[in-house]
Amino acid sequence: MQIGIVGSGYVGTTVAACLADFGHDVMNVDIDESIVRALNDGEAPVSEPGLDALLERYAGESLFATSDYEDLVDFAPDVVFLALPTPTNDDGSIDTSIVEAGAEALGTVLADIEGHPIVVVKSTVVPGTTQDVVGPALERESGKRVGVDFGLAVNPEFLKEGSAVEDFNDPDKLVFGTDDDRALEALEAVYAPLIEEGTPVVDTDLRAAEMIKYANNAFLAAKVSLINDIGNICKEFGIDAYEVADAIGLDDRIGEQFLRSGAGWGGSCFPKDTKAIVAAAREQGYDPQLLQAAIDVNDRQPQRMLDLLDSHVDVEGERVAVLGLAFKPGTDDVRNSRAIPIIEGLQERGAEVIAYDPNVGARDNMAERFPDVEFLASASPTLSGAAAALVVTDWPEFADLDREFDLMSGNVVVDGRRIVERRDGLVYEGLTW
Ligand code: UDX
């Protein structure tokens, strides 16, 4: 099939490379010339395991990138995915202007694309956006009609950073939201290799498909916040929350995943999506109290780490080490990382913050936000002379830290991820154990 993809961020690039691997011809459209150049050179604009290898194999063969929407006319796509960002507004709602602008730009060329192309929204958008914003923008600019001249569908992604290629090829489900039989058939053809392997397909309408994405992320985020809440209770009782989590995870109805209590969730999805669905619900007149509480618990976890630190040492004028900057291990992404409120809290206390993350990209990304923090290339010099250390990300290498703590001037270690071993000579505080 001929597949167009508008937007070449983390989702658009992964989808492009994986669909080329399915044997489709893919054309990426992105307004950023440097991204277009990178893709055509077979280089991923984002860091994701396996992505570079796929791009290297298919770029220039069956995968091309362009900044000119007009190129889609000759390419004659059967399906065009919109994989554009939906940033957060100040009130937590999503800003759909980028998606709308992309739909408009696509609309201008849609008029000249032959056949019955299917436009598929992959961006995370609140229920109603595809029908009320994307469809009308496409119709306005193309002069064509949804369901008559072109199809409209929603196909959310559930890819995790750090394992996006793997997740794409082994999904738990495929969600196809559309009222158009031709759009459904086209999506089934796009994903034929996965469907043949037995991946369940959820065949639903536009709005339910949009909601499924939010419900999925809201549920997982709330699960982590619930185990964090339970973990905080355990800490008050002097009980190990991890022992409790392992036991309740044996109940099939609860499940063992997403029960690691600690500093809370970050990244590009959970914080944005929970806020967006809460804001969208309130606009409908419903106040989702449990989801709001999940957000509040998440905001509180870094504060609890700082409170634990305060209970042992006054860090004013002291060096304090922060270990871990990425929002989770295996990525350079620091968006909404719990390290951000931790560093801010330390600076408010007048501490001199020294930070380390095993990923150089994560260090660089955080350095842009905190120019006055010193970022070092390994754990030892970071701990050297520090009155205290806070562990924010569960990078596996932190589990091996031992004698490095002897380099500290103090001995307080607050572990937000249960990754550092307790040992003699350290005042060790686990966040929930
Ligand atoms: C998430 C969803 O999993 C994915 O389906 C969606 O498409 C995008 O959002 P991602 O943000 O890449 O993926 O990270 P994920 O591995 O789900 O972790 C999210 C956050 O939760 C991380 O900050 C992680 O540290 C935290 N987390 C996760 C916990 O604190 N405890 C857990 O037990 C699990």
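This is a predicted model: local features need pLDDT of at least 70, side-chain atom pairs count only at pLDDT 80 or more; totals for chains, interfaces and linings use all residues.

Biologist: In S14, which residue is the bridge partner of Val-412?

Modeller: Strands of a sheet pair through backbone hydrogen bonds, in either a parallel or an antiparallel sense. Here Val-412 has Val-427 in S14 as its bridge partner. Strand S13 (residues 412-415) and S14 run parallel and are joined by four bridges. Two strands count as paired if DSSP finds at least two bridges between them. Strands (E, at least two residues) and helices (H or I, at least four) are DSSP runs, numbered from the N terminus.

Biologist: In what order do the six strands of the open sheet lie?

Modeller: The order is S11-S10-S9-S12-S13-S14, with parallel pairing. Strand S11 (374-376) and strand S14 (427-430) are at the edges with a single partner strand each, so one side of each has no neighbour in the sheet. On average, neighbouring strands are turned by 20 degrees against each other, direction ignored. Helix H14 packs on this sheet and touches S9, S10 and S12 (contact means heavy atoms within 4.5 Å), its direction making about 175 degrees with that of S9. Axes are lines fitted to C-alpha atoms, for helices over the stretch in contact, and angles run from 0 to 180 degrees between N-to-C directions.

Biologist: How many of the five residues of strand S9 are buried?

Modeller: A residue is called buried under 20% relative accessible area, exposed over 50%, and partly exposed in between, with a 1.4 Å probe and protein chains only. In S9 (residues 319-323) four of the five are buried, so the rest of the structure largely encloses this strand. S9 is joined to strand S12 (residues 388-391) by four bridges in the parallel sense, and Leu-323 has Val-391 as its bridge partner in S12. With strand S10 (residues 352-356), S9 pairs in the parallel sense over five bridges; in S10 the bridge partner of Leu-323 is Tyr-356. The chain passes from S9 through H14 (residues 339-348) to S10 in a right-handed β-α-β crossover. Right-handed means that, with the strands pointing away from the viewer, the path from the first strand over the helix to the second runs clockwise.

Biologist: Which way do the residues of strand S7 point?

Modeller: In a regular strand, side chains alternate between the two faces of the sheet. In S7 (residues 174-177), Leu-174 and Phe-176 point one way and Val-175 and Gly-177 the other, and all are buried. S7 runs parallel to strand S8 (residues 201-204), joined by four bridges, and Gly-177 stands opposite Thr-204 in S8.

Biologist: How much area do domain 1 and domain 2 bury between them?

Modeller: The size of an interface is often given as the accessible area lost when the parts come together. The figure here is about 1,800 Å², 59% of it on carbon and sulfur atoms. In domain 1, Thr-124, Pro-127 and Glu-161 lose the most area to domain 2, together 30% of what that side buries. Buried area is the loss (1.4 Å probe) summed over both parts. The chain is divided into domain 1 (2-204) and domain 2 (209-433), with bounds from an automatic or database domain assignment. Their centres, taken over C-alpha atoms, are 33 Å apart. The contact takes 26 residues from domain 1 and 22 residues from domain 2.

Biologist: What is the phi of Phe-258, and what is that of Asn-336?

Modeller: For Phe-258 phi is near 60 degrees, a positive value in a residue other than glycine. Phe-258 lies in the loop between helix H11 (241-249) and helix H12 (270-283) and is partly exposed, at 31% relative accessible area. Asn-336 has a positive phi near 55 degrees, again in a residue other than glycine. Asn-336 sits in the loop between S9 and H14 and is partly exposed at 34% relative accessibility.

Biologist: Is Val-134 buried or exposed?

Modeller: Val-134, in helix H6 (residues 129-142), is buried, with a relative accessible area of 0%. Leaving aside residues up to four places away in sequence, Val-134 touches Leu-82, Val-99, Ala-103, Val-121, Thr-129 and Leu-152.

Technical notes. Residues are numbered from 1 along each chain as its sequence is written. Side-chain values use heavy atoms; hydrogens and water are left out. Buried area is the accessible area (1.4 Å probe) that two parts lose on being put together, summed over both.
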